[in-house]
Amino acid sequence: MIHFVGAGPGAPDLITVRGKKLLEEADLIIYAGSLVNKELLTNAKESCIVKDSASMTLEEVLKAMEESEAKGFVTVRLHTGDPCLYGAIREQMDALDKKGIDYDYTPGVSSFSAAAAALRAEYTLPGISQSVIITRTAGRTPVPDKQTIVDYAQHGTTMVVFLSTGLVEKLAIQLVEGGYTAQTPAAVVYKASWPEERVYRCTVGTLAETVHAHHLKNTALILVGPFLSSAYERSKLYDPEFTHGFRKGNKE
């Protein structure tokens with residue numbers, strides 16, 4: 001059996017209970033070495049084979065899985081955060097389907113959730129933002145038509161930008177082209193939930209300066225939007241005047 005497991009954002013105790021159990025049972029662990037906290041590998045049993053996929057191709061990963069399956073081993077493919085976001089998991093599952101190899105998928109805590117925790121922020125605020133756009137800046141890997149930063153910035157809602165600190169000047173320009181102002185609040189969260197976690201608050205106009213001043217390259221998320229300001233409306237859910245299915249409001 002192949003188990004795809006989300007490792008969580010970094011902190012070893014933020015992996016799910018199920019994910020930790022699978023690591024303990026695994027005979028082979030293939031982990032994303034450039035991103036996954038290696039402390040998670042201490043959960044592996046002594047006889048477990050551990051492979052770092054950072055230098056492997058998709059074909060090499062699949063071969064290791066297939067050989068492990070032929071031996072009757074339990075295999076864990078350990079991805080950072082939750083594999084559904086920039087995890088290149090679909091191509092692995094499709095290949096396993098073609099080979100007739102069974103697998104399952106254990107979700108993990110995404111770094112975008114850990115970044116909100118580091119900021120002590122809520123992405124969705126009444127009267128401010130009711131949507132979250134998760135995206136990245138086009139670089140060597142292009143993005144589909146109508147899914148650029150400029151396209152998404154037109155909505156003025158909360159934006160979480162992955163894999164973009166190396167393209168921060170381009171990102172800042174496109175955010176303004178799309179509709180955010182230079183004064184729009186922004187933040188950069190480096191290694192959310194790791195011991196090295198750092199939070200840098202800025203604006204769209206000072207975003208590039210902030211990234212360069214702190215020498216941020218990889219494993220940093222960029223957050224943009226008015227959710228980072230202090231203004232918002234009170235939630236109706238807990239308003240004493242608001243009636244819903246579990247409580248009658250006191251407004252006459």
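**Stop 1: a pair on helix α1**

Select Glu24 and Lys20: both belong to helix α1 and sit four residues apart, about one turn of the helix. Remember as you look that this is a predicted model. The two side chains form a salt bridge, with N to O at 2.6 Å. Side chains of opposite charge can pair when their charged atoms come close. Glu24 is partly exposed, because its relative accessibility is 36%. Lys20 is also partly exposed, at 36%.

**Stop 2: Asp27**

Step on to Asp27, in the loop between α1 (17-25) and β2 (28-31). Is Asp27 buried or exposed? Its relative accessibility is 17%, so Asp27 counts as buried. Show what surrounds Asp27: beyond the neighbours within four places in sequence, Asp27 is in contact with Lys45, Ser47, Cys48, Ile49, Phe73 and Val74.

**Stop 3**

Searching the whole structure gives six salt bridges. Select Arg90 and Asp94, one of these pairs; their closest N and O atoms are 3.0 Å apart. Arg90 and Asp94 are about one helical turn apart, because four residues separate them in helix α3 (residues 90-99). Arg90 is exposed, with a relative accessible area of 59%. Asp94 is partly exposed, at 30%.

Now select Lys191 and Glu196. They form a salt bridge too, with the closest N and O atoms 3.3 Å apart. Lys191 is buried, with a relative accessible area of 16%. Glu196 is partly exposed, at 31%.

**Stop 4: the two domains**

Zoom out and colour by domain. The domain assignment gives domain 1 (2-106) and domain 2 (111-228). Their centres, taken over C-alpha atoms, are 28 Å apart. Nine residues from domain 1 and 12 residues from domain 2 make the contact.

How much area do domain 1 and domain 2 bury between them? The figure is about 820 Å², with 72% of it on carbon and sulfur atoms. Select Pro9, Leu85 and Tyr86 in domain 1: they lose the most area to domain 2, together 63% of what that side buries. Between the two domains there are zero salt bridges, but four residue pairs are in polar contact. On the side of domain 1 that touches domain 2, seven residues are nonpolar, two are polar and none is charged.

**Stop 5: helix α6**

Select helix α6 (residues 168-178). Its buried residues are Val168, Leu171, Ala172, Gln174, Leu175 and Gly178. Show the cover next: α5 (149-153), β7 (158-162), α7 (207-213) and β10 are among the elements over these buried residues. Just after α6, look at the backbone of Gly179, where phi is positive, about 140°.

**Stop 6: Thr243**

Move to Thr243, in the segment after β10 (220-224). Thr243 is partly exposed, because its relative accessibility is 46%. Leaving out residues up to four places away in sequence, Thr243 touches Lys248 and Gly249. Draw a distance from the Thr243 side chain to the backbone nitrogen of Gly249: it is 2.8 Å. Then draw one from the C-alpha atom of Thr243 to that of Leu78: 45 Å, across 165 residues of chain.

**Last stop: the whole chain**

The chain has seven helices and 10 strands. Its C-alpha atoms fill a box of roughly 65 × 50 × 35 Å along the principal axes. Of its 252 residues, 44% count as buried.

Conventions
Residues numbered from 1 in each chain as written. Predicted model: local features only at pLDDT ≥ 70, side-chain atom pairs only at ≥ 80, totals over all residues. Heavy atoms only, no water. Domains from an automatic or database assignment. Contact = heavy atoms within 4.5 Å. Buried area = accessible area lost by both parts, 1.4 Å probe. Salt bridge = Lys/Arg side-chain N within 4 Å of Asp/Glu carboxyl O. Polar contact = N/O pair within 3.5 Å; in protein donor to acceptor, adjacent residues only side chain to side chain. Nonpolar A, V, L, I, M, F, W, Y, C, P; charged D, E, K, R; others polar. Helix = DSSP H or I, 4+ residues; strand = E, 2+ residues; numbered from the N terminus. Buried < 20%, exposed > 50% of the residue type's maximum accessible area, 1.4 Å probe, protein only.
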